[in-house]
Amino acid sequence: DESHRQMTEGLRNTVPETAWLPQEARRQGAFGASAFGAGFGGSCWAVVRKRGAEAFADRWAEAYRSKFPRCAGASSFFVMS
């Protein structure tokens, strides 16, 4: 959480979508979440329990696509184990 806060508030190298996604992941119960990549775009990760990970990814994706409908077609969410 602190790393993500420093990135969004200190470095200010995120876009609204990658600033919001980790916060939403934590709100939905992720143990941790953050953005990564080259800045001003990029990707986000979230750590959740293996059981329920697919359902989490579906809920997270739906929340994102609802919040940022213009980006819906360019987004992808997946689970790694």
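I started in helix H3, residues 53–67 (helices are DSSP runs of H or I, at least four residues, numbered from the N terminus). Phenylalanine 56 and tryptophan 60 are both in there, four residues apart, which is about one turn of the helix.

A note on what I was looking at: this is a predicted model, where local features need pLDDT of at least 70 and side-chain atom pairs count only at pLDDT 80 or more, while totals for chains, interfaces and linings use all residues. Residues are numbered from 1 along each chain as its sequence is written, and side-chain values use heavy atoms, with hydrogens and water left out.

Next I checked burial (buried is under 20% relative accessible area, exposed over 50%, partly exposed in between, with a 1.4 Å probe and protein chains only). Phenylalanine 56 comes out buried at 6%, and tryptophan 60 is buried too, at 7%.

Then I moved on to another ring pair. I used this rule: rings of Phe, Tyr and Trp (its six-membered ring) pair if their centres lie within 6.5 Å; planes under 30 degrees apart are stacked, over 60 edge-to-face, and the rest tilted. Tyrosine 64 and phenylalanine 77 have ring centres 5.7 Å apart and planes at 55 degrees, so I wrote them down as tilted. This pair links distant parts of the chain, with tyrosine 64 in helix H3 and phenylalanine 77 in the segment after H3, 13 residues apart. Tyrosine 64 is buried at 7%, whereas phenylalanine 77 is partly exposed at 22%.

Last entry: I found that Trp20, Phe56, Trp60, Tyr64, Phe68 and Phe77 form one aromatic cluster.

Conventions:
Helices (H or I, at least four residues) and strands (E, at least two) are DSSP runs, numbered from the N terminus.
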